[in-house]
Amino acid sequence: MELLKRIEAKWQQKWQEAKVFEADPDTKRKKIFVTFPYPYMNGPLHVGHGFTATRVDAYARFKRMQGYNVLFPWAWHWTGQPLAGASERVRKGDKEFIRALREVDGVPEAELAKFVDPVYMATYYTNEGREAARKAGFSIDWRREFHTVTPTFKKFVEWQYKSLREKGYVVKGTHPVVWCPHCESPTGDADRQEGEGVAPEEYTLIKFKYEDAYLPAATFRPETIYGVTNLWINPDATYVKAQINDEKWIISQTAADKLKDQLRNVSIIQTLKGREIIGKNCTNPVNNQKLPILPGIFVDAAQATGVVYSVPAHAPYDWLALRDLQTNPEPLKQYNIPPETIKTIKPISIIKVEDFDEYPAAEIVQQLGAKDQCDPKADEATKQLYKKEFHGGVLKENCAEYAGKPVRTVKDQLIADFKRQNIADAMYDLPQPVVCRCMTSCRVKILEDQWFLTYNDPEWKEKAKEALRKAKVYPETAVPWFQTVIDWLKEWACARKTGLGTPLAWSPGWIIETLSDSTVYMAFYTVNKHIRQHDIKPEQLTPDVFDYVFHGKGKPDQIAEKTKIPPEVLDEMRQEFLYWYPVDLRNSAKELVPNHLTFFLFHHTALFPPEHWPKAIAVNGMLMIEGNKMSKSKGNFITMHQAIQQYGADATRTALLLGAEGMDDPDWRAENIKDLRAKLESFYRLAENIIEEAKDPETGQLEKWLLSRLQNRISIVAESMETMKTRTAIENALYETWNDFRWYTRRKGNTRSKALKEAISIWTRLLAPFAPHICEEIWSKMGEKEFVSTSPWPKPDVKRVNVEAEESEALIQNVLEDTQNILNATKISPKTICYYVASEWKWKVYAKALEASAVKNVVMADLMKELMKDGELKANAKQVAKFVPQIIDEINRTPNDKKQRRLKLKQLDEKKILTDAAEFFKREFEAKIQIFNENDAKRYDPKKRAEQARPYRPAIYIE
């Protein structure tokens with residue numbers, strides 16, 4: 001371990017001294033511009049960050065070795081509530097939070113006291129993060145580094161929002177937002193401690209007349225009003241009778257508080273318990289039918305109004321609750337409700353839906369086995385039935401003028417009609433809890449005169465979809481998700497009152513929120529090098545500067561006169577941007593698809609022409625720790641610093657990349673990483689031995705086999721990296737190549753062949769994007785002067801592909817495995833092992849079968865018909881007919897690429913191959929080895945095993 005640490009420190013220092021990852025425009029080389037979402041600095045870089053960042057770095061290193069001019073920049077996110085909230089928790093003395101900072105993050109006691117200042121906290125974690133990124137070996141151009149409250153970056157964000165406002169993409173409006181009452185600000189996804197992705201949902205309130213007031217029941221399915229049999233009220237919840245604008249409503253206390261934030265005048269008249277109105281009647285507004293009010297313990301008074309209407313024919317919870325009361329009416333006595341009241345309630349079927357009869361709720365409850373209203377299966381039944389009825393349901397004749405209309409199309413019309421008739425109203429609520437970073441529970445607030453991004457604009461949505469169509473997305477299965485997000489995105493509050501960030505220039509007191517300032521900052525990377533190099537001040541970065549740099553608007557001389565930025569510097573910035581843009585790859589975790597990654601598309605289409613839209617987006621899963629979600633509060637959290645300190649950078653990198661690809665969630669397991677570290681150490685020792693010992697000029701069949709196998713490894717690794725299949729790439733670069741070398745040394749018994757130096761050269765370069773430090777050390781020991789990080793990526797050489805050598809070794813491996821399986825099964829110690837290779841006529845049959853299978857699967861009758869055209873085979877028809885069934889299934893299952901290889905070979909000289917390998921078999925099994933042809937008259941074959949021989953599958957006899 002100490003050796004690996006010394007190696008890693010050595011090469012990190014050498015990279016830094018040589019400035020090997022500093023990338024400048026070079027018109028002689030094609031460019032690759034890759035980015036990783038800048039991490040929030042309310043904590044250290046953790047292995048979740050490391051997983052995504054290592055994918056980006058491996059790709060950057062791979063493309064650099066392919067000869068591309070690669071730019072991989074880095075920055076830090078300080079904006080918004082994450083930092084302010086974390087700092088406030090320290091100021092308030094939150095013991096659990098402070099304990100986590102001390103024990104998990106490793107923050108020294110002297111530093112903790114200073115964390116009451118969010119800027120100090122951000123600075124501390126930024127410095128820690130930079131060191132962790134360096135120690136991970138990320139190939140970053142640090143000249144372009146910034147954080148999101150860097151004054152010059154704030155000028156860039158000001159330009160961005162000025163441009164968006166001028167184009168009509170930022171407007172003032174009145175919309176519902178997730179609101180933190182403590183911060184008095186909208187709370188975007190990144191500003192939340194929990195509830196990321198949760199958005200306000202609009203409930204339709206159906207107003208049931210009750211005495212001199214209304215009981216407004218909240219629903220997402222207003223079309224079901226025609227099937228209502230009763231209302232449900234939670235008997236133990238607190239309700240209020242309140243004046244809501246010009247009407248009296250009976251709703252939960254929580255609902256009354258929520259409505260105060262939704263442009264309602266709310267005045268409490270009376271407070272009561274739910275049980276006080278249970279047992280009484282209300283009136284259905286669509287048909288004036290009297291309905292009983294019943295106790296519903298499943299009713300959540302904190303959700304919407306706390307009033308629920310019952311549609312037992314189509315709502316599983318209602319069906320179960322009604323059935324529970326009908327089966328056991330005892331609880332009704334305390335409300336003076338006669339049992340007959342419940343028993344006379346009959347479900348009303350109002351929706352016709354395929355695969356269900358009159359009462360779909362009853363059927364699906366039975367199918368899923370939900371026992372009662374408290375059974376979790378009731379929730380799954382509700383989801384399934386709602387989806388089925390919404391997409392395929394049709395309203396029945398008892399639904400007035402809406403009869404015969406599909407549920408999915410009638411909803412909006414019905415809501416509009418009901419509101420016009422004063423039957424319905426609306427309110428917003430959150431489908432699940434949202435907690436701000438300041439640890440305050442959030443609610444929905446309808447904001448007036450707030451600034452919003454118009455993601456609901458149909459034309460802007462279409463542009464975002466066009467950008468998505470133009471871009472490559474890895475994996476492709478993420479594309480429908482992006483399309484869905486683009487479709488459902490609505491107005492987005494782009495400013496808040498608290499936290500760090502860029503002020504909204506035209507609206508004092510508002511700060512551009514966390515996700516909204518993080519959409520096109522990749523453009524700032526291209527020019528920040530010049531801003532820092534020439535010490536350009538924030539006040540010099542006027543909108544004219546950015547208009548020229550990014551859009552070519554204006555004249556450098558005139559802009560220079562106003563800003564005092566030399567015209568040649570402006571031209572350098574312009575050319576730098578044009579060289580690097582667009583972004584060639586943006587890689588992020590899948591949790592950012594519903595916000596950041598989609599905003600990334602929207603904003604690029606708003607601010608840049610199509611030629612500067614993103615070229616590729618990669619999405620990966622969320623890292624787990626030992627099978628559980630990563631959580632600092634639960635102690636299930638590993639920082640990059642801790643991982644590298646314990647296991648080393650290369651082991652950490654390879655473990656992360658081997659975890660998963662696509663959108664699968666990787667799982668960090670300590671035992672796996674220990675094994676990987678040992679594997680890398682073994683790789684290093686093997687490479688050292690080869691470098692020292694490989695002096696024998698002989699190149700035999702085995703060396704040809706190894707070099708041939710490596711050509712395939714080169715192709716697979718490269719193809720996988722091009723599509724961000726990083727796990728497949730490293731599995732081949734490390735494990736599969738390791739297996740090739742292990743087989744070689746097992747067969748050969750030594751590492752003296754000079755050909756191994758070429759092989760280890762290829763292997764070292766294949767592994768370099770993933771484990772760069774150890775590969776640099778090996779590369780150096782091989783006498784190479786340049787860094788392996790900038791050496792040419794190996795190209796597959798078709799001349800080195802040796803099908804015969806590969807098939808020969810595959811034959812030996814199969815014979816070895818078959819022999820071992822027999823020994824394991826029989827438990828015998830062999831004295832003599834006899835191998836029998838197939839006769840010529842069997843090879844002829846096998847070749848004919850292979851040819852036939854290249855077109856379609858082989859059928860016995862068709863193949864025999866073709867074989868009987870051959871005179872020799874026809875004369876031996878009985879044996880041929882017996883042999884063919886033995887090979888048909890095997891040939892039909894053989895992959896096409898293997899079929900083509902074998903067709904080119906025609907036939908292997910199996911006797912020679914096995915004879916040449918006899919010493920190997922003798923060494924492996926400590927037995928005498930004899931090889932015979934199946935039709936050899938002098939063969940030793942006491943058990944008549946020879947006739948079982950097939951091409952590529954010699955028969956075996958052991959005694």
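1. The axes of helix α29 (residues 840–853) and helix α33 (residues 896–905) cross at roughly 135° and come within 10 Å. That angle makes α29 oblique to α33. The crossing of α29 past α33 is left-handed. This is a predicted model, and the points below should be read with that in mind.

2. On the α29 side, the residues that meet α33 are Y846, A847, L850, E851 and S853. On the α33 side they are K899, R902 and L903. Sorted by class, the contact of α29 with α33 holds 4 nonpolar, 1 polar and 3 charged residues.

3. The crossing of α30 and α32 is right-handed, whereas that of α29 and α33 is left-handed.

4. Which residues make the contact of α30 with α32? From α30 they are M860, L863, M864 and L867. From α32 they are A877, V880, A881, V884, P885 and I888. By class the contact of α30 with α32 has 10 nonpolar residues, with no polar and no charged ones. For the contact of α29 with α33, the count of charged residues is 3.

5. Strand β24 (residues 585–589) is largely enclosed by the rest of the structure, because 5 of its 5 residues are buried. In a regular strand the side chains alternate between the two faces of the sheet. In β24 both faces are covered: L585, N587 and A589 are buried on one side, and R586 and S588 are buried on the other.

6. Strand β24 has parallel pairings with β1 and with β25. Strand β1 (residues 31–35) is joined to β24 by 2 bridges, and V34 stands opposite L585 of β24. Strand β25 (residues 616–620) is joined to β24 by 4 bridges. The bridge partner of S588 in β25 is V619.

7. A separate point concerns an open sheet of 4 strands, in the order β4-β3-β19-β21, with antiparallel pairing. At its edges stand β4 (185–186) and β21 (492–493); each has a single partner strand, so one side of each is left without a neighbour in the sheet. Strand β3 (residues 170–180) pairs with β4 in the antiparallel sense over 2 bridges. W179 has P186 of β4 as its bridge partner.

8. Not counting residues up to four places away in sequence, T526 touches F33, R144, F550, E576, F577, W580 and Y581. One of these, F33, falls within the residue range of strand β1 (residues 31–35).

9. A403 lies in a loop, between β16 (394–395) and α13 (407–420). Leaving aside its neighbours within four places in sequence, A403 is in contact with L395, K396 and E397. L395 also falls within the range given for β16. A403 and K564 are 161 residues apart along the chain, and their C-alpha atoms are separated by 72 Å.

How values were computed:
Residues are numbered from 1 along each chain as its sequence is written. This is a predicted model: local features need pLDDT of at least 70, side-chain atom pairs count only at pLDDT 80 or more; totals for chains, interfaces and linings use all residues. Side-chain values use heavy atoms; hydrogens and water are left out. A crossing is left-handed if the near helix is turned anticlockwise from the far one by less than a right angle, and right-handed if clockwise. Contact means heavy atoms within 4.5 Å. Ala, Val, Leu, Ile, Met, Phe, Trp, Tyr, Cys and Pro count as nonpolar, Asp, Glu, Lys and Arg as charged, and the others, Gly among them, as polar. Buried means under 20% relative accessible area, exposed over 50%, partly exposed in between (1.4 Å probe, protein chains only). Two strands pair if DSSP finds at least two bridges between them. Axes are lines fitted to C-alpha atoms, for helices over the stretch in contact, and angles run from 0 to 180 degrees between N-to-C directions. Angles under 35 degrees count as roughly parallel, over 145 as roughly antiparallel, 65 to 115 as roughly perpendicular and the rest as oblique.
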